[in-house]
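The sequence and structure are shown first.

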There are 2 protein chains.
Amino acid sequence: GWTALMFASKNGQSHVVRELIRKGSDPLKVNSTGQTAQDLAEFWLHGEVVNILSSSTSQPEVNLQRRTNYLCDNPLDRSSKKRSDDVWMKGALTDPLSVFVVLSGLCPLVIPLNENKLVNDFFNFNSQLSDVKAKLARFSYEQALQLSPNLLQYYIFLGREQNEVDTTSGRNHKEDDDDYHRHHRHQQRGYHHGRSWFAVETKLSPTELHAIEPGITKLPFPLGFSSLMRSEAAIVCQARSMMAWHDRNQFCSTCGSASVAEEAGYKRRCRNDACKSNKGGAYNTCYPRLDPTVIMAISSPDNKRLLLGRNKRRHIPNMWSVLAGFMEPGESIEEACRREVFEETRVNVGEVSYHSSQPWPMPSTLMIGCIGRAIDSDIVIDESELAEARWFQTSEVKQMLDGTHPECLTLPPPQAIAHQLILQWLGSSETPGDTPLVTSQDRPSMTSSALSKSSL
Amino acid sequence: GWTALMFASKNGQSHVVRELIRKGSDPLKVNSTGQTAQDLAEFWLHGEVVNILSSSTSQPEVNLQRRTNYLCDNPLDRSSKKRSDDVWMKGALTDPLSVFVVLSGLCPLVIPLNENKLVNDFFNFNSQLSDVKAKLARFSYEQALQLSPNLLQYYIFLGREQNEVDTTSGRNHKEDDDDYHRHHRHQQRGYHHGRSWFAVETKLSPTELHAIEPGITKLPFPLGFSSLMRSEAAIVCQARSMMAWHDRNQFCSTCGSASVAEEAGYKRRCRNDACKSNKGGAYNTCYPRLDPTVIMAISSPDNKRLLLGRNKRRHIPNMWSVLAGFMEPGESIEEACRREVFEETRVNVGEVSYHSSQPWPMPSTLMIGCIGRAIDSDIVIDESELAEARWFQTSEVKQMLDGTHPECLTLPPPQAIAHQLILQWLGSSETPGDTPLVTSQDRPSMTSSALSKSSL
């Protein structure tokens with residue numbers, strides 16, 4: 001059942017939440033679908049409540065049963081069958097309840113959170129994972145039309161809100177195909193099951209935007225990305241990758257003719273009817289592109305040290321991370337891990353096991369996180385990719401996470417899958433007598449810029 | 001150390017191998033780098049020996065410690081740093097020892113194996129995994145120039161042969177950068193460490209090809225694909241995906257101008273210098289595309305039944321398989337599994353765990369294999385995708401694998417990751433008292449056409 005703390009969290013009553021915590025309410029209790037009060041606050045976009053709850057709990061970040069990373073757990077049901085249903089889509093687009101997310105130059109428009117002392121401090125590297133600094137600006141159809149006059153020609157259907165209690169349990173709500181308009185009955189009690197979300201693009205200048213919506217600002221990428229709460233970050237990730245794909249695919253790569261968006265943004269069709277891509281067959285060029293990338297925490301043969309590198313192109317000079325690289329045609333995930341590590345450091349890797357995955361909207365990467373064990377340890381770096389690479393002892397890795405490293409070396413923030421892989425390795429390298437794993441409350445963290453790739 | 005059986009297998013002496021097996025030689029013995037006699041025969045392309053050894057052993061196909069699928073274990077080191085070294089590449093291209101693989105309409109040229117009774121029987125559905133029916137035709141530079149006169153303008157550098165004893169252990173051989181020409185010293189004893197492989201395209205007609213190379217034939221795709229031995233199939237997979245990418249990307253998708261191949265086939269550059277894609281930044285459109293696809297064996301909530309579907313577009317009417325679908329931007333692997341199963345059957349999935357991966361050259365898919373557990377079991381199929389979907393009992397799945405199903409229902413062959421996922425599920429659903437897992441010798445199998453995707 002639901003606790004008082006859950007109700008207060010869902011309703012965004014931060015003073016009630018603070019009082020309940022002070023009186024001993026347990027923030028780790030879950031309801032019948034496995035959600036904590038914080039899960040509910042995140043879904044209902046109450047940043048202040050999320051911050052209170054997260055600083056009151058000491059949950060370790062790595063949930064081994066359910067390794068979901070930042071940018072995962074998109075709360076929307078993509079309802080892909082609706083994409084080709086023009087009548088339904090027209091109704092959803094013009095529905096006054098539908099939500100429009102607006103991107104400008106691939107950056108989402110957001111509302112800085114006034115109740116949070118870190119407002120607009122997007123470049124603060126000492127923020128916590130759950131320090132929500134901005135919320136996504138949600139526009140109605142009428143508002144979105146002002147910002148994006150050709151909306152009906154170019155939009156992305158992101159999906160529909162699911163039943164509120166199901167959003168974080170991995171369930172999809174069963175429904176009839178004609179249930180779309182049923183939600184009107186429920187809206188009086190804030191129950192928006194079935195409400196549609198769209199992403200559109202605005203070409204307005206910052207000045208023009210400010211004139212229409214004074215409280216709105218453009219969230220810089222990737223530095224500001226970790227300022228959003230999880231559910232909104234996941235939605236932005238989907239929207240940004242889709243729009244970046246359209247941005248780079250205005251022309252057919254098979255014949256060079258102009259192409260046009262179809263199926264609510266999930267397909268591009270070549271305008272040249274004679275083009276091979278219109279003749280049937282498996283023409284992947286018509287569908288959104290994703291770039292699978294392996295990222296791997298590689299331990300020394302005795303599992304006591306971790307291989308970390310410092311990228312030449314990275315913006316933050318003291319930040320180290322695990323190695324990563326794009327996969328190529330004709331290799332498995334495990335082969336790609338071994339190849340990348342060998343290419344960058346000449347270290348040979350034996351066993352490789354999958355850990356978790358994470359979509360990354362730069363522009364549309366699928367990060368595939370693995371843990372591997374080296375079978376030798378001599379390092380010869382590839383100087384075109386890395387500035388440095390070396391083996392780090394467990395104790396040093398902990399200092400980097402804690403922010404207590406004597407040379408101020410740091411690691412990527414919890415939002416990055418790299419961080420989660422490092423935590424996982426630390427757990428596996430610990431002997432029972434050692435210090436327990438650090439938790440998110442014990443250490444400062446950074447924005448997710450570390451993993452950004454400034455070039456391929 | 002090496003046994004007599006290993007030496008005979010490496011040298012392709014099938015009569016010696018047969019005699020040694022008859023006298024009790026153990027085919028499962030491994031040398032110091034973990035290779036069996038069959039591994040050596042596969043690497044050295046002795047199809048007859050592979051067949052003898054495989055029918056003499058009863059190794060279960062699923063090696064839980066090292067789940068490598070057909071099309072993985074590419075024996076070549078991609079040596080990606082050489083791709084932009086024009087001087088080195090010119091030397092490797094014209095080296096008389098270099099090996100050229102030739103594709104015609106994306107199908108590789110092969111030599112049917114005369115010693116095998118199944119020669120040319122590409123459509124035989126009862127062949128074993130290791131029934132090697134053809135070997136890849138290997139051409140020299142001079143021969144390749146005849147088949148592909150503009151070879152120097154369009155070729156793919158596949159990589160270099162590694163030290164023979166390291167090919168199946170996941171190791172890469174350490175080497176100096178200038179060791180390329182050193183292999184000449186070793187060639188007298190068949191030791192071709194460092195020998196380069198390339199793929200080129202021929203536009204010659206079958207008649208013209210036959211006039212030049214009478215023993216050569218075009219291997220049909222995907223039906224003939226499983227006729228190659230593992231190491232060659234992996235090389236063809238890489239070559240075919242790369243060539244399919246060039247085939248579909250003759251033009252820049254950002255501006256519509258013509259593009260040109262660079263970096264030994266691993267990059268395409270837009271010829272329009274003013275194009276955004278030439279201005280730096282992460283322009284993924286310049287690099288080979290890969291399509292990550294989830295494929296998942298989903299069990300019933302009690303783990304006693306398996307969810308299988310029959311695709312509308314599949315060529316073989318009685319073949320059932322696990323569900324699969326392309327990933328989309330902004331989702332994790334686990335989310336994609338749940339979404340696909342829900343979209344196709346309305347079954348909700350809870351836990352999902354990764355099993356293994358497989359590259360698939362149709363045209364360049366990365367199959368990401370998972371095992372998942374449903375949290376409900378009512379099926380409503382998506383009729384645009386599936387002809388049928390239902391839950392199968394363990395006993396029925398075994399009959400399908402054994403070829404003893406009363407309605408002649410079958411499953412994909414061992415070469416397909418789907419088959420390996422099903423075997424894995426069968427293992428997990430078995431109680432200790434049950435019949436042990438079937439092995440490859442106990443059951444007939446099929447060509448890998450089952451997984452082919454006739455359209456996106």
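At what angle do helix α2 (residues 14-22) of chain B and helix α4 (residues 47-56) of chain B pack, and how far apart are their axes?

## Basis

This is a predicted model, in which local features need pLDDT of at least 70, side-chain atom pairs count only at pLDDT 80 or more, and totals for chains, interfaces and linings use all residues. Residues are numbered from 1 along each chain as its sequence is written, chains are lettered from A and ligands numbered from 1 in the order in which they are written, and side-chain values use heavy atoms, leaving out hydrogens and water.

## α2 and α4 of chain B

The angle is about 15°, and the axes lie 9 Å apart. Therefore α2(B) is roughly parallel to α4(B) (angles under 35 degrees count as roughly parallel, over 145 as roughly antiparallel, 65 to 115 as roughly perpendicular and the rest as oblique). Axes are lines fitted to C-alpha atoms, for helices over the stretch in contact, and angles run from 0 to 180 degrees between N-to-C directions. Helices (H or I, at least four residues) are DSSP runs, numbered from the N terminus.

From α2(B), Ser14(B), Val17(B), Arg18(B) and Ile21(B) are in contact (heavy atoms within 4.5 Å) with Glu48(B), Val49(B), Ile52(B), Leu53(B) and Ser56(B) of α4(B).

## α11 and α12 of chain B

Helix α11 (residues 394-402) of chain B and helix α12 (residues 417-429) of chain B cross at roughly 140°, their axes coming within 11 Å. α11(B) is therefore oblique to α12(B).

On the α11(B) side, the contact involves Thr394(B), Val397(B), Lys398(B) and Leu401(B). Their partners in α12(B) are His419(B), Ile422(B), Leu423(B), Trp425(B), Leu426(B) and Ser429(B).

Key
Helix = DSSP H or I, 4+ residues; strand = E, 2+ residues; numbered from the N terminus.
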